[in-house]
Amino acid sequence: MQTVDNLQNFDNQNIRTEDDRTGLSIETLRRAMADNLRYIQGRFPSIASKNDLYMALAYTVRDRLLQRWLSTQQVYLNKDTRVVCYLSAEFLVGPHLGNALINLGIYDQVRKAVEESGLNLTELMEQEEEPGLGNGGLGRLAACYMDSLSSLEVPAIGYGIRYEYGIFDQEIRDGWQVEITDKWLRYGNPWEIARPEAAMEVKFGGRTESYMDAQNNYRVRWVPHTVIVGVPYDTPIPGYKVNTANTMRLWKAEAPESFDFDAFNKGDYYGAVASKVTSETVSKVLYPNDEQLQGKELRLQQQYFFVSCSLQDVIRVHLRSGRSIDTLHEKFALQMNDTHPSIAVAELMRLLLDEHQIDWDKAWSITQATLSYTNHTLLPEALERWSLGLFGSMLPRHLEIIYEINSRFMNQVRIKFPDDTERMRRMSIIDESGDRYVRMAHLASVGSHAINGVAALHTELLKETTLHDFYEMYSERFTNVTNGVTPRRWVVLNNTRLTQLITSKIGDGWITHLDQLRQLEQFVEDPGFRHEWRNIKRAIKEDLSAQILRKTGITVNPDTLFDIQVKRIHEYKRQHLNVLHIITLYNRIKQNPDIDIQSRTFIFGGKAAPGYYMAKLIIKLINSVAEVVNSDTDVRDRLKVVFMPDYNVTNSQNVYPAADLSEQISTAGLEASGTGNMKFSMNGALTIGTLDGANIEIRQEAGEENFFLFGLTADEVVNLKNSGYRPWEYYESNAELKGVIDRISSGHFSRGDYNLFKPLTDKLLQHDPFMLMADYQSYIECQARVSEAYRNAEHWTRMSIFNTARMGKFSSDRSIRDYCRDIWKVEPVKVALPDYDQTSAMLKIEK
């Protein structure tokens with residue numbers, strides 16, 4: 001076997017021209033792979049599995065990362081610089097290997113080294129399990145920001161949870177989503193390093209006791225019922241062609257003592273490991289189903305667990321550097337990514353008050369100066385709140401602190417807005433209605449020095465609606481930072497053909513300065529350039545077509561318009577509006593089989609939350625419509641419908657580059673920003689969308705003429721609801737819409753089952769909270785404009801080029817620069833790599 005011979009022969013060579021851990025020559029890389037296969041995996045080539053070979057390559061690349069990572073830590077330790085700490089419940093980083101190769105600038109060298117070893121780089125990259133550390137846009141944004149922080153050489157640590165199992169792997173059975181355990185760690189993770197010596201203790205439950213200290217100050221100690229241990233696992237996050245590699249530190253929950261010998265000796269075998277099982281549950285799975293009380297308890301435990309570990313770690317690092325706790329806010333800027341980490345306000349206060357004996361006013365000043373809060377949603381159900389009973393039983397000391405924060409805050413509100421009890425009720429951190437709740441978004445808003453939305457419209461709506469009272473109270477705290485995505489993964493890695501074409505025309509500076517893509521506009525009228533652009537898109541569509549065939553068994557035509565909607569399945573994202581359009585076209589074909597219709601391939605992907613029945617029913621509807629449309633001989637392959645199972649970062653590799661049309665059709669005023677819209681546009685897709693989230697800014701940048709706009713505005717949505725929205729009237733007055741709903745209700749897509757989709761159609765006709773019926777006609781007319789535009793290939797290509805050329809604003813590099821300038825007040829720090837010197841490479845401990 002060539003692979004065996006090449007690796008074995010090379011393994012026997014003895015060439016020492018550069019450090020095997022850091023060298024970048026083809027020979028050194030091959031030798032390092034052989035060493036890692038033998039000495040880390042414990043395999044010789046003839047018995048090595050593909051996973052062994054992937055691991056050998058991963059460790060080879062990781063060594064090059066560690067050189068930069070350790071140099072980065074050393075510089076940060078010696079420099080008096082402020083460090084960003086990004087607190088996020090999710091980090092959807094995607095596979096590490098390809099991204100590391102791009103950012104280290106060694107993709108071509110490694111590919112050649114792998115090929116000369118008789119292996120295929122693509123096949124090895126496919127061996128990597130995608131880390132199950134996130135679900136959707138929130139986690140992917142955090143990962144993009146970590147990439148940009150390193151690429152911009154900004155000192156940073158990302159803090160989160162090392163989930164043993166991801167949200168779930170998705171299978172489709174009989175059209176329904178089925179959740180399968182995501183065992184992403186089954187073969188190990190070569191990119192992380194465990195740091196058990198830096199473990200932190202986290203308390204839960206119990207009671208509090210007050211006492212007077214030696215200086216006669218009132219103090220409180222927390223006597224917990226349970227203590228678990230958080231063990232950090234560190235992963236280096238490399239910047240693009242710089243020496244900076246920041247740290248993503250994720251916490252795993254463990255028991256202080258994992259085995260009870262006394263219980264075991266008494267025959268209580270389960271009791272012997274009960275503490276281990278209970279403790280490890282905290283970091284076991286991403287986002288447990290929280291419909292039941294146990295699920296709610298676990299989510300609160302998870303949030304407090306990683307926040308407490310992270311804040312203790314920050315303070316430990318700060319004090320170890322010889323600084324005073326009083327200057328914590330000068331050294332660290334802590335960003336709360338949505339409401340999940342908002343318990344940080346109370347936890348930082350607890351640590352300062354109870355563990356470090358600081359008085360209230362100073363502790364509060366430090367807390368506010370250290371923390372800032374990003375809000376990601378306008379949906380009330382997504383603004384977390386916890387019942388006082390649950391919160392108090394799990395975090396009794398924190399509830400006391402929150403009561404005190406709220407009492408002082410209410411006094412401030414009373415002074416600024418006297419005699420306005422209704423405002424005080426609305427703004428209180430404690431919701432006094434029903435069972436009474438802690439409002440976490442309110443806690444985050446009160447305890448932060450900065451509050452930001454993630455798109456211009458979203459921030460304005462925050463000021464006008466969700467956090468309006470807080471804006472009137474603290475207007476100076478509010479700012480906007482429009483989301484962005486990293487072009488390194490979403491263009492350079494995922495779309496190598498387009499990357500090569502762009503770079504051949506304008507150089508590679510655009511990869512770190514995305515606004516340079518504007519230079520492409522000079523080639524829009526070049527027929528040769530447009531031809532190359534179209535050929536690249538066609539080739540990528542062929543790749544995606546092959547992937548669809550492998551995964552679903554459905555054959556699609558790459559010459560059709562690829563109409564793609566991939567995102568979390570939710571009613572407000574309106575995947576079912578897309579389906580209504582498909583059925584509209586299908587009905588037209590059934591009425592006139594010879595109708596002239598633009599051929600389209602409709603591609604969906606995304607996961608529904610396990611407890612969200614209506615979202616699961618939408619997935620079933622998509623697959624049921626696909627089953628009928630794809631097999632109907634009248635359609636003659638002019639329409640194809642595909643649902644791609646288990647959509648994730650890995651499976652997205654061909655999706656964004658292959659899209660002709662990007663569906664961004666959420667109800668106006670409900671999508672905070674969106675980032676998928678940016679990824680599609682960067683790769684030359686045209687958008688059909690509402691004036692929602694970042695769609696507005698994408699349309700402004702790309703040009704109104706290069707964006708397909710439809711639907712109600714956010715103001716019109718509110719006005720229509722307030723005036724008495726009656727979706728049934730749209731159904732009665734629009735014959736084509738009526739025909740679509742009736743086709744679903746007839747059982748045509750459910751094998752004669754009239755009741756299967758009744759919950760969906762009933763909700764649309766009776767309530768329709770996300771305004772599909774009101775937007776239907778505008779959407780259908782807009783889709784007709786899409787079809788007409790696509791028929792003119794030259795015109796469509798021009799619009800595609802303009803979309804890519806004008807996406808510079810939506811780089812996560814720009815977002816991070818905004819945060820650094822407006823919120824964190826952090827400056828970049830250069831990292832230099834020492835030259836390899838064999839004499840200084842030996843271990844020497846300074847006494």
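Is Asp174 buried, partly exposed or exposed? Asp174 is partly exposed, because its relative accessible area is 48% (buried means under 20%, exposed over 50% and partly exposed in between, with a 1.4 Å probe and protein chains only).

## Basis of the report

This is a predicted model, in which local features need pLDDT of at least 70 and side-chain atom pairs count only at pLDDT 80 or more, while totals for chains, interfaces and linings use all residues. Residues are numbered from 1 along each chain as its sequence is written, and side-chain values use heavy atoms, with hydrogens and water left out.

## Overall form

The protein contains 34 helices and 23 strands; helices (H or I, at least four residues) and strands (E, at least two) are DSSP runs, numbered from the N terminus. Its C-alpha trace spans about 90 × 85 × 65 Å along the principal axes.

Of the 847 residues, 61% count as buried. Among contacts (heavy atoms within 4.5 Å) with a separation of 6 or more, 76% join residues 24 or more positions apart.

## A buried threonine

Thr367 lies in helix 13, which covers residues 360-370. This residue counts as buried because its relative accessibility is 0%. Neighbours within four places in sequence aside, Thr367 is in contact with Val345, Leu348, Met349, Leu352 and Gly447.

An open sheet has three strands in the order 13-15-14, with antiparallel pairing. Strand 13 (385-387) and strand 14 (430-431) stand at the edges, each with a single partner strand, so one side of each has no neighbour in the sheet. Two strands pair if DSSP finds at least two bridges between them. Strand 13 and strand 15 (residues 437-439) are joined in the antiparallel sense over three bridges; Arg439 in strand 15 is the bridge partner of Arg385.

## Two aspartates with positive phi

Most residues other than glycine have a negative phi. Asp174, which is not a glycine, has a positive phi near 55 degrees. Asp174 is situated in the loop between strand 3 (169-173) and strand 4 (176-180).

Asp646 is not a glycine either, and its phi is positive at about 55 degrees. Asp646 is placed in the loop between strand 20 (639-644) and helix 25 (655-658). With a relative accessibility of 16%, Asp646 counts as buried, whereas Asp174 is partly exposed.
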